[in-house]
Amino acid sequence: MATVTVKDFQVGFPNDWCPGCGDFGILNSLHQALAGLGLKPHEVAVFGGIGCSGKTQYYVNAYDVHTLHGRVLPYATGAKLANPELTVVAVGGDGDGMAIGAGHFVNAGRSNLDLTYILHNNEVYGLTKGQASPTLPMGSQTKSLPEPTIQGSVNPLMLALASGYTWIGRGYAFDVRGLVELIQRAIRHKGLSFLEVLQPCPTYNNLHTKAWFAGKDQGGVPRVAPLDPSYDPVIEPDAGEGAVRARLGAFVVEATRGGEPIRTGVFLENLSVPDLGERLAQRLPAYRHAPPAHRVVADAKGRSNADLTPLFAEVAVS
Amino acid sequence: MSTDRTDIAWRIGGPQGKGVDTAAGIFGRACAAGGFHVFGRREYYSNIMGRHSYFDVRVTGRPVGVHRDRVDLLVTFDTETLVRHAVSVAPGGVLLHDASAADVAIDAMGFLDDPLQEELAAYLAERDLPPTTAGLLEDARRRGVTVLPVSYGDLTEALTHELGASRASADRMLNTVAVALSAALIKYDPDRVKRGVALTFGDRSKLVEMNRQAVDLAYAHARRSWDLDAVPLRLGVRPERPRRLFVTGTQAVAMGKIAGGLAFQTYYPISPATDESVYLEAHATFPTTDGGQGSVLVWQTEDELAAVTAATGAALTGARSATATSGPGFSLMTEGIGWAGINEVPLVVTVYQRGGPATGLPTRTEQGDLQFAVHGGHGDFPRIVLASGDVTEAFQDAAQAFSYAERYQTVVIHLMDKALASTTLTTEPFDTSRLAIDRGLVANPASDGSNGTVSFPRFRPSETGLSPRPYLGQPGGMHWLTGAEHTELGRVTEDPITREQQVEKRLRKLQLAAREIPAEEKLRLYGDASAPLTLVSWGSNKAAILEVLERLAEEGVTARHIQLRLLWPFPSAELEPLLATARPLVAVETNATGQMARLLREQTGRAPDHLVLKYSGRPISVEQLLDALHQILSGAAGPRLVIRNPYE
Ligand SMILES: Cc1ncc(C[n+]2csc(CCOP(=O)(O)OP(=O)(O)O)c2C)c(N)n1
Ligand code: SF4
């Protein structure tokens, strides 16, 4: 069988992002990551939210589901629960995921379902023309804002930690090589993965531009840099409470570090929580071989094949 | 002295959490075990413990599905029950009350609402009686009700001494005692009551044994304290005992969903919908006819937005998928329903209507969501709306909904209401043999000419509006899905011609459904088919209407009932010939504005001559409906009759 190449995941349709948008870097990384994992296009379902970022799945040769604003995670959850063989990737913006979809973001963390969520963080609402998103720092004034933002910002990594995501990472849209690796590690992780990607929006975010990230104003010292090699994100399956606390403590230090450089890499890889599929299989013995997507519901004649005898017996009165 | 009855209406009331439900369950099962038909209706506040709740159980020689306002036997556990229901006991009936509640001032009842206090005060003043429980009991006696005090305190003592029960378990067994006392009053076989106990408590054998002894104790008490032959009630038929189930409307839906192939159910807790999902989770695995095992994955979500969208995501993979909710949740779900509509996703949404709007009346019934079910969501898209009229239909419709959803690749909204959901009924085991499973047009991408790129023509326009559907994960079926208008590949487009084509494609499926769905699934005709007097209705009013048709027939009045089962697409073609001869046309609904009547006029041009409405949050009784029809027949009724009963 021919090996899968990046081309297999590309589509020949025109792309309508603004020139120079960070979404391109994320898209290219996704193509490479999927091909590198040896997945076949039909085995992959990419779910997108609403926003510029939410269009990512239009440019991936796979099953592509463009959902509703903020709802990308529950759609992806339903599909993955029903068909655990699918590789499910959800993508969306910071507005999509941290504002209207924040409740879903938090609750997805409780499930540890085996899917990957990539958050495009450009600090603005791109598709509605540059309003502040929940990740824009208090007092910042990007160019569409009539006044500096008066509200504070959420820290996506911290929110993911508090919510129970078992794999948490951060990448930068134009560090394609680093991003490919992060996406692949996120997908390979058996459990719920959250990858924040810092993404320039050249059209609306004039503060954190590609040049800013590259540190053009400070003699070319980049403002994004990998986590220190000594940082160990792994919580082993049998880690004791003390070890877990130590890891989480280190996580918090890195995820809340002010100033520069902004760190990228794997912040957490928690192997101690069984993924939801395993837990479901214990509860529903048929889940592994006959998950909802494969439940046979009728016999050869098209009659219902559910035998309700035990249900009737339970409520029989005579 | 006792006259044989074949229809006894029994009511038990008390504070929520004190076991009114359990008592009604024992009584109902005890009667069902003797071969009687049983109907149960449950009323309760949105409260966990303490507020007034009551249960009506009708025991009959033939199937009925609706309560009576006039009850034959009232069992009160507390003073509040006495105050609220004493006037509802029919002449010739029995009122059993706690001796300690014999003289309490009505205005001392903390939870009694002002209108009911005023109503009772006026009622008693008119009869020169004091505004106390004593006044109410005296009124009952004067009306020919046998009033029997019992001392629950003494009975609790007896339970602890004679059965060696702890104080707490004696307290709990008062339920069984109250049931047994009532059964003794209607001269019912105590062994059957014990059977009811066993059926209710199942395999908890110690509990069953204790409660059986409590039955004997209660019967002995009744014989000792009262002249039972002087009590003019006796359950008077000895029917045969075929195999019957004792189920709620909610259980019927859940069983129907399992039979219909449900594989994935989502929910966010809300009254009165939650019971369905809880039942499903408790019965998530079951055998299949080929000796295998089937299962349902029940997924509790963070809100209704997630419930509807997760169910949709699952449906995309080919799983028969559903969610269940009530008004406030349905409001949130309309967002996701629109997405499923534009993407032609088969999805079943069971809506348990309750009093609205907003939080409304969480635990009371209403048929207030019909217009919302038919029109909810922005833009034009097809959806199918079904409404079940009784427990058997609830089962059949729940199963059938999936085949409609998959055949027409659309959302099916299955309307229930709280009254039907909480109805308890004896019924024959549901018939699964007639359920035909239609999985619709499933794509076979290999032979449908896919080339392995994201180019499957999922939304290609066709004459029927249907197009083959690949499941997520199927080799070669890749396409786009989007909430935006799209091309046949599912790509976003704003092209005017494509837009029109896609809108029309989707709407054509509705025309197909209107053509294909059999007439008897759209509406059913009962009573005298040629009678001009026509009652048109939908949902749970069916039982009251059918019983009223019989009462009218006894009076020599012929009438017919059109029950609408398919509310969207509206069955105008099938209705029109019936409407042409309907005179007068009477619409019966439990909402304030006649939502079905509005739809009827909008779709057929014919407005009903009379609306009979009830929107207090309680279902329509036999007597109330009969009274409304008498008013209509005598010419005394205006175009809008509102049914009121302050005592519910
Ligand atoms: C329910 C709803 N509300 C509002 C919108 C309008 N809307 C479209 S995109 C968007 C914001 C997207 O911002 P973000 O998620 O940050 O993505 P970006 O465009 O920056 O990639 C909004 C509010 C919508 N589509 N749906
Ligand atoms: S507005 Fe910003 S995020 Fe959207 S496409 Fe343009 S550059 Fe990218």
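This is a predicted model: local features need pLDDT of at least 70, side-chain atom pairs count only at pLDDT 80 or more; totals for chains, interfaces and linings use all residues.
## Confidence

The predictor assigns the complex an ipTM of 0.98 and a pTM of 0.97, while chain B has a mean pLDDT of 96, with 99% of its residues at 70 or more.

## Surroundings of ligand 2

W17(A) also belongs to the shell around ligand 2, which includes C18(A), C21(A), C52(A), N122(A) and Q199(A), together with C201(A), P202(A), T203(A) and Y204(A). By residue class, this shell divides into seven nonpolar and three polar residues, with no charged ones.

## Aromatic pairs

Over all chains the count comes to 22 aromatic pairs. One of them joins Y117(A) and F194(A), whose ring centres lie 5.9 Å apart with planes at 40 degrees, so the pair is tilted. It links distant parts of the chain, since Y117(A) sits in strand β4 and F194(A) in strand β8, 77 residues apart. Y117(A) counts as buried at 1% relative accessibility, and F194(A) likewise at 0%.

In chain B, the rings of F395(B) and F430(B) have centres 4.4 Å apart and planes at 10 degrees, so this pair is stacked. Because F395(B) lies in helix α14 and F430(B) in the loop between β18 and β19, the pair ties together parts that are 35 residues apart in sequence; both residues are buried.

## Charges over rings

K210(A) lies over the face of F174(A), at 4.1 Å from the ring centre, and R364(B) lies over the face of Y45(B), at 4.8 Å from the ring centre.

Methods: Residues are numbered from 1 along each chain as its sequence is written. Chains are lettered from A and ligands numbered from 1 in the order in which they are written. Side-chain values use heavy atoms; hydrogens and water are left out. pLDDT is the predictor's confidence in each residue, from 0 to 100. A residue is near a molecule or strand if one of its heavy atoms lies within 4 Å of it. Ala, Val, Leu, Ile, Met, Phe, Trp, Tyr, Cys and Pro count as nonpolar, Asp, Glu, Lys and Arg as charged, and the others, Gly among them, as polar. Rings of Phe, Tyr and Trp (its six-membered ring) pair if their centres lie within 6.5 Å; planes under 30 degrees apart count as stacked, over 60 as edge-to-face and the rest as tilted. Helices (H or I, at least four residues) and strands (E, at least two) are DSSP runs, numbered from the N terminus. Buried means under 20% relative accessible area, exposed over 50%, partly exposed in between (1.4 Å probe, protein chains only). A charge sits over a ring if NZ of Lys or CZ of Arg is within 6 Å of the ring centre and within 35 degrees of the ring normal.
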